Amino acid sequence: MNHHPSPHPASPRLNFCPPSLPARSYFDEAWFLQEQKNIWAKNWAYVGRANDFKPMTMRRLSVAGQNIILIKDRDGAITSFHNTCRHRGSELCTVAERALNSRLVSCPYHQWSYDFSGNLVRTPFVSTTDDFVKEDHGLFPVHVKDWNGCVFVCLADTPPDFAGVPDVGLSVFDNWPMKDLVTGHTMVKELDCNWKIFWENFSECLHCPGIHPELCDMVPLYGQGIMSPTEAIDWTPDTTPPERTLKQGARSWTMNGEACGPEFPDLSDDQRKAGYLFATLLPTMFIVAHVDYVRIVSLTPLGPERTELKAEWLFPAATLNADGFNLANVTQFASIVMLQDGAACEMNQRGLKSAKFENGTLMPQEFEVFKFHEWIRKHLGSNEKPEAGQ
Ligand code: FES
Ligand SMILES: [Fe+2]
């Protein structure tokens with residue numbers, strides 16, 4: 001058998017072994033604050049499914065360490081503002097979520113009231129002087145974007161073009177009825193690790209053979225520590241790709257391998273054969289779409305060494321309501337994988353606190369981790385950033 005000493009040039013594998021990010025980037029407070037400011041506050045952050053947010057409701061959220069509100073009006077339009085009153089800066093919303101009884105948001109302190117576009121409408125109990133111009137005292141707006149029924153916010157004055165956010169393009173899920181899917185199950189878990197550790201773990205499958213027996217059984221390729229046939233050391237463009245990526249007989253990522261309901265009608269044959277389709281939206285979430293359901297995993301950095309992970313399983317309403325629908329058969333599969341990944345992330349975090357560890361080294365198969373590090377270096381934008389390829 002002919003083994004190539006180096007991968008084919010068209011393979012995504014790296015042809016060098018670059019250093020990983022410095023250890024302190026995973027626990028240093030100043031580094032973390034810089035990421036909040038330059039990465040999380042400047043990019044789109046996923047804040048939930050539009051159809052999980054009731055009309056005439058206000059939510060209080062933390063994005064990039066900033067306190068913001070999200071408002072949904074009677075017709076379903078969503079707006080977002082910093083959670084600070086223009087009078088003397090009180091919070092406008094003091095609870096995670098509350099119903100709105102009128103078309104105004106009232107500050108709980110002295111009752112200044114704003115419409116859902118953020119305009120100051122009423123300043124009760126006060127008589128203002130001529131130098132006070134109401135129009136100059138509207139709420140500070142936050143940009144909002146709905147993509148496939150997923151709501152994103154961006155704190156930047158000029159947000160990045162959303163078209164550039166999903167790594168595989170805006171139309172990747174056009175064959176899935178994304179907007180209409182409803183949430184059947186949510187899992188929230190706090191992890192004792194830096195948020196970048198999550199993405200690094202997500203970006204390689206070298207850990208799959210050791211960490212994920214169930215997943216490797218479902219996707220035999222993962223059992224070789226690779227995510228796609230193009231990563232195999234002896235791959236060439238002439239190599240015939242496997243006919244299917246899931247194990248024989250399996251249709252979806254469920255405990256028994258069966259689809260949990262009717263398959264989405266508009267998928268292509270290739271999409272059915274693939275069995276899963278990932279899209280990554282850095283830094284905030286990834287989506288994985290199957291033939292019968294969709295899963296969203298999003299993260300929120302809570303501190304340098306603490307990250308909230310949220311997984312949402314989305315289904316057609318008819319699937320959820322069908323007699324005999326077995327939710328656990330679906331959710332257990334990815335829950336097992338995510339808990340395995342979570343434990344691996346925490347183990348990674350603990351180890352890199354060693355006084356001896358300055359930075360690691362990426363292997364050729366970790367090309368997606370390298371890409372992620374390059375993305376971090378590009379967005380971090382300061383003297384603190386490590387020299388690429390050093
Ligand atoms: S701080 Fe909001 S009305 Fe006074
Ligand atoms: Fe994993």
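Donors are N, O and S atoms within 2.8 Å of the metal (3.2 Å for Na, K and Ca); water is not among the atoms, so sites may look incomplete. This is a predicted model: local features need pLDDT of at least 70, side-chain atom pairs count only at pLDDT 80 or more, and totals for chains, interfaces and linings use all residues. Residues are numbered from 1 along each chain as its sequence is written, ligands are numbered from 1 in the order in which they are written, and side-chain values use heavy atoms, without hydrogens and water.

Start at the iron ion (ligand 2). His207 (NE2), His212 (NE2), Asp341 (OD) and Asp341 (OD) coordinate the iron ion (ligand 2) at 1.9 to 2.7 Å. In sequence, the spacing of these donor residues is H-x4-H-x128-D. Histidine 212 sits in the loop between α3 (208–211) and α4 (213–218). Aspartate 341 belongs to helix α7 (residues 327–351), 129 residues apart from histidine 212. Histidine 212 is buried, at 1% relative accessible area; buried means under 20% (1.4 Å probe, protein chains only). Aspartate 341 is also buried, at 16%.

Why is the arrangement around the iron ion (ligand 2) irregular? The four donor atoms subtend angles of 53 to 148°, so the arrangement is irregular.

Now turn to threonine 57. Threonine 57 lies in strand β3 (residues 57–63). Threonine 57 counts as buried because its relative accessibility is 5%. A polar atom of its side chain lies 2.7 Å from the backbone oxygen of lysine 54.

Definitions and conventions: Helices (H or I, at least four residues) and strands (E, at least two) are DSSP runs, numbered from the N terminus. Buried means under 20% relative accessible area, exposed over 50%, partly exposed in between (1.4 Å probe, protein chains only). A polar contact is a pair of N or O atoms within 3.5 Å; within protein, one must be able to donate a hydrogen and the other to accept it, and residues adjacent in sequence count only if both atoms are side-chain atoms. Four donors count as tetrahedral if all angles lie between 85 and 135 degrees; four count as square planar and six as octahedral if opposite donors are over 155 degrees apart and all others between 65 and 115; anything else is irregular.
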